[in-house]
Amino acid sequence: MELITRSGLTLGTFPALKAIAPGLDVFVTTRGGGTSLSPFDSLNLGGTSGDRPANIDRNRRLLLEALGIAPRALARAGQIHGTEIAVVTKGGRYPGIDGFATEKRGLALAISTADCHSVVIYSPPERALAAMHVGRRGAEGGIIGRAVGVLRERFRIDPRYAIAIVGPGICGRCYSVSREDALRFPKEVRRYDRGRWRLDLSAFIIRDLAAHGIRRRNVFSSRLCTACTPSLFFSHRRDGGVTGRNWTLAVIRPDSRAAERCV
Ligand SMILES: [Zn+2]
């Protein structure tokens, strides 16, 4: 992930996409440049964080203006740590779901996180996109497989030609879980260390993407931990549950026309 500046906001982007998926834009927001006060300072985009609604609205406006996205072209997920994926063609708030799939150009799919990962899957040949919120429960419940399944059924993608992006989330050193929760995951992504069970959720996500046909070389991870990087990211664990939310925005570029090179 590379940091860029747009209209005073620092955003994470994935330079590898330019060559292999030029029709896709993915932006990860960081904390700076917004209007919210501590502990939500300052670009808090999360509606359920406890911050003043006027500040959240202002922050969202700042972000959309910086990226040239119309508010009506923004789709937001209710995010209940489930596995439902909605196929969407227009903006709005979609309760009860944790992910979207679309082939609509210019529709911005927003995933809100503070330790959970955002995951984006895109198939350049069909220009089909999915974006989802993946925490421990969604990962265990199989949301990655659900998203790949929807992309296959609705948009006829072949996952061998798809790419995936794993956004920032809590790392395997910071994320301690109960023994019971740890043992639900494969041994390769959990360990007992310094008196606690720890789970490497991004490692599990990458394994699960591979299990559903997405090649490892087509997976791009931010490799950044939300809890270890307080200057950039909100973290539910680090901040004791009172914190803001970062967004990952994924958009099929409105001007994408020509067939893209397969990866
Ligand atoms: Zn960490």
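**Strands and a helix, term by term**

Reply: In strand β16, Asn246 has Thr113 standing opposite. This is a predicted model, in which local features need pLDDT of at least 70 and side-chain atom pairs count only at pLDDT 80 or more, while totals for chains, interfaces and linings use all residues. Residues are numbered from 1 along each chain as its sequence is written.

Me: What makes β8 and β16 a pair?

Reply: Two strands pair if DSSP finds at least two bridges between them. Strand β8 (residues 108-113) is joined to β16 by six bridges, and the two run antiparallel, so by that definition they pair. β3 also pairs with β16 in the antiparallel sense, over five bridges, and there Asp25 stands opposite Val251.

Me: Why is β16 called largely enclosed?

Reply: A residue is buried if 20 or more other C-beta atoms lie within 10 Å of its own, exposed if 12 or fewer, and partly exposed in between, with C-beta atoms placed from the backbone. Seven of the seven residues of β16 (residues 246-252) are buried, so the strand is largely enclosed by the rest of the structure.

Me: How do you know that the buried residues of α2 line one face?

Reply: The buried residues of α2 are Asn55, Ile56, Asn59, Arg60 and Leu63. Seen down the helix axis, they fall within an arc of 135 degrees (taken from the directions from the axis to the C-beta atoms), so they line one face of α2. The face turned away from that buried side carries the exposed residues Pro53, Ala54 and Arg61.

Conventions: Helices (H or I, at least four residues) and strands (E, at least two) are DSSP runs, numbered from the N terminus.
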